[in-house]
Amino acid sequence: MHKNHISTSLNDFLNEIEFKKNHPHTPVGLPSGLRIFDTYTNGFQKGDLILIGAHPAMGKTAFAINIAYNISKYFFDLEKENQSIDKCVLYFTLDGTNLSLIPRFINLETEFSHWDRINGIKDAQTEENVINSCLSLSKLPIYLSNKGNTIKEIKEEIQIVNSEQQIGCIIIDYLQLIEKDTDNYMAILNELKKTAIRMNVPIMVLSQLKRTLEYRKNKIPKWFDIVGYTQKNDPTDKIIFLYRKIYYLLNQLPRKQKYEPQNHFEQRYKKWENKCDKIRNKCKIIIAKNNLGHIGDIGVSFDFMRGIFRDAEE
């Protein structure tokens, strides 16, 4: 029977129902590694186009790398369990080299500082940990590419990688670096949505936000803050924002005012410092659009120095 016959989709639907009955706490789609987030989204679904927006220093690349890492581990574990899953994650980094991502991936497994890379690792235990992490990461089905300045290049790279190993998820960092000579980002998103459907995989696209957000009193991002985005003919299935209040609080460093008593300034500084400590590792994931699930805000923990996202501490 032809694969487009309704019975094929009906069978897929029944498989989903059966899966959820036997695994009520496991998402139907690909897992992000964040339990509550996956409960809201039910995982990243086949054919989905997911837009992830945030300002610099909010952690959007770190978030995408965490997702790539967790999904690749999910594929690796399924293959190890002989469940006939031989899929990979394809990660496009359009504003850097493939090598620039490696320390970020290593930090998900062991602590590795920027200075260790520049000055060389002095500690034998750190060096051993890094080598072991590299060996562990080398087994994961992750492909890195910095080829994708046009939609045509992205499609060609997808076909090349897919010919080597079936792609199960695609992540693109980031939207505004595709077709730099155009501002018609909705046309790009529509092409990516067609690719997601054709490949039957979720595609995640990172996006910049407009600078005008910085001048608003309320700096929590909204859909109209996405560069080049409009709601008309919107092909996205999910829109997700990252927001870290600490980013703005650190820019409000108290300064001693003229004639201000020293003890008053110290109290004011200590109050600011305590406030920073309380929210330093907190990040809000905002699900602004979700065609097949809940919308809302989810608090998570974010280790900025290592780029690790975790479920918020209970």
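An open sheet of 9 strands, with mixed pairing, runs in the order 3-2-4-5-1-6-7-8-9. The model is predicted: local features need pLDDT of at least 70, side-chain atom pairs count only at pLDDT 80 or more, and totals for chains, interfaces and linings use all residues. Residues are numbered from 1 along each chain as its sequence is written, and side-chain values use heavy atoms, without hydrogens and water.

**The sheet**

- Strand 3 (142–145) and strand 9 (308–311) are the edge strands, each pairing on one side only; two strands pair if DSSP finds at least two bridges between them.
- From one strand to the next, the twist averages 25°.
- Strands (E, at least two residues) and helices (H or I, at least four) are DSSP runs numbered from the N terminus.

- Strand 2 (residues 87–93) pairs with strand 4 (residues 166–173) in the parallel sense over 7 bridges.
- Thr93 has Asp173 in strand 4 as its bridge partner.
- Helix 7 (residues 151–164) packs on the sheet and touches strand 2, strand 3 and strand 4, where contact means heavy atoms within 4.5 Å.
- The direction of helix 7 makes about 150° with that of strand 2; axes are lines fitted to C-alpha atoms, for helices over the stretch in contact, and angles run from 0 to 180 degrees between N-to-C directions.
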